[in-house]
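Thanks for coming. I will take a few minutes on one structure, so please have a look at it first.

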Amino acid sequence: NYILLRGGTLQIGTEQEPFTQQVQITLYGHPKSMELPTFGSKVIACYECKMDIHGTPQVAWTELAATVMPGATEIMLQEAVAWPINSKIVIATTDFESPKSSHSEVATVAALLDGGKRVQLKDIRVCPEYGFSGLPTNCVESSALSFPHLGEVKTFDGRPIQFRAEVGLLSRNIVIQG
């Protein structure tokens with residue numbers, strides 16, 4: 001249900017030699033369990049110790065280079081990426097967000113083109129409605145984006161202002177879950 005470190009080090013890779021294979025640590029138990037007082041359960045507890053975790057180096061976040069509209073199946077990025085094919089990404093909402101709804105969309109990378117600045121998408125999922133628990137209640141699968149996502153600059157009072165959706169890599173080669 002937990003991993004308790006008392007002194008010592010939990011190390012996966014180093015900054016000089018990152019861990020590039022796949023590793024998955026799964027923690028079990030009820031999140032309100034008092035099995036490990038102070039820390040709870042489903043936790044890697046570090047007491048007077050060091051955790052040093054270095055996975056495959058890559059661009060984790062970038063922004064859209066151009067606005068995409070509903071129906072789009074690819075996006076242009078500000079920064080070139082080398083994300084693995086079939087990895088999951090998120091495209092943040094730029095039009096609407098509330099505690100009970102979101103227009104952020106999760107997609108799978110189908111292909112990288114133009115040196116990693118153009119990403120073709122597949123298996124797109126959006127969960128526009130959330131319940132009071134904060135969990136999605138109405139998710140929709142699609143082959144294309146369902147909402148617009150901005151990637152542009154507007155000028156106000158002579159100053160350029162960036163309006164760009166963040167795009168983040170969700171897939172990692174080191175996964176700690178519970």
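First, the ground rules. This is a predicted model, in which local features need pLDDT of at least 70 and side-chain atom pairs count only at pLDDT 80 or more, while totals for chains, interfaces and linings use all residues. Residues are numbered from 1 along each chain as its sequence is written, and side-chain values use heavy atoms, with hydrogens and water left out.

Now the chain. It has 0 helices and 17 strands; helices are DSSP runs of H or I with at least four residues, strands are runs of E with at least two, and both are numbered from the N terminus. The C-alpha trace spans about 55 × 45 × 40 Å along its principal axes. Of the 178 residues, 31% count as buried, and buried here means under 20% relative accessible area, with exposed over 50% and partly exposed in between, using a 1.4 Å probe and protein chains only. Contact means heavy atoms within 4.5 Å. Among contacts with a separation of 6 or more, 61% are between residues 24 or more positions apart.

Next, the cores. A nonpolar core is a set of buried Ala, Val, Leu, Ile, Met, Phe, Trp, Tyr and Cys residues joined through side-chain atoms within 4.5 Å. Which members of the largest one touch the most others? Ile-75, Ile-89 and Leu-121 do, out of 18 residues. At least two residues each come from β8 (88-91), β11 (105-113), β12 (118-130) and β16 (166-169). β12 gives the largest share, 3 residues. Beyond four places in sequence, Ile-89 contacts, among others, Ile-75, Trp-83, Val-109, Leu-121 and Val-167. A separate core has 7 residues, including Leu-5, Leu-10, Ile-25 and Ile-44.

On to the loop between β8 and β9 (97-98), where Ala-92 lies. Is Ala-92 buried or exposed? Ala-92 counts as buried because its relative accessibility is 17%.

Last, the hairpin. Strands β14 (residues 151-156) and β15 (residues 159-164) run antiparallel, joined by 6 bridges; two strands pair if DSSP finds at least two bridges between them. Glu-152 stands opposite Phe-163 in β15. The hairpin has 2 residues between its strands, and Asp-157 in the turn has a positive phi of about 50°.

That is the tour.
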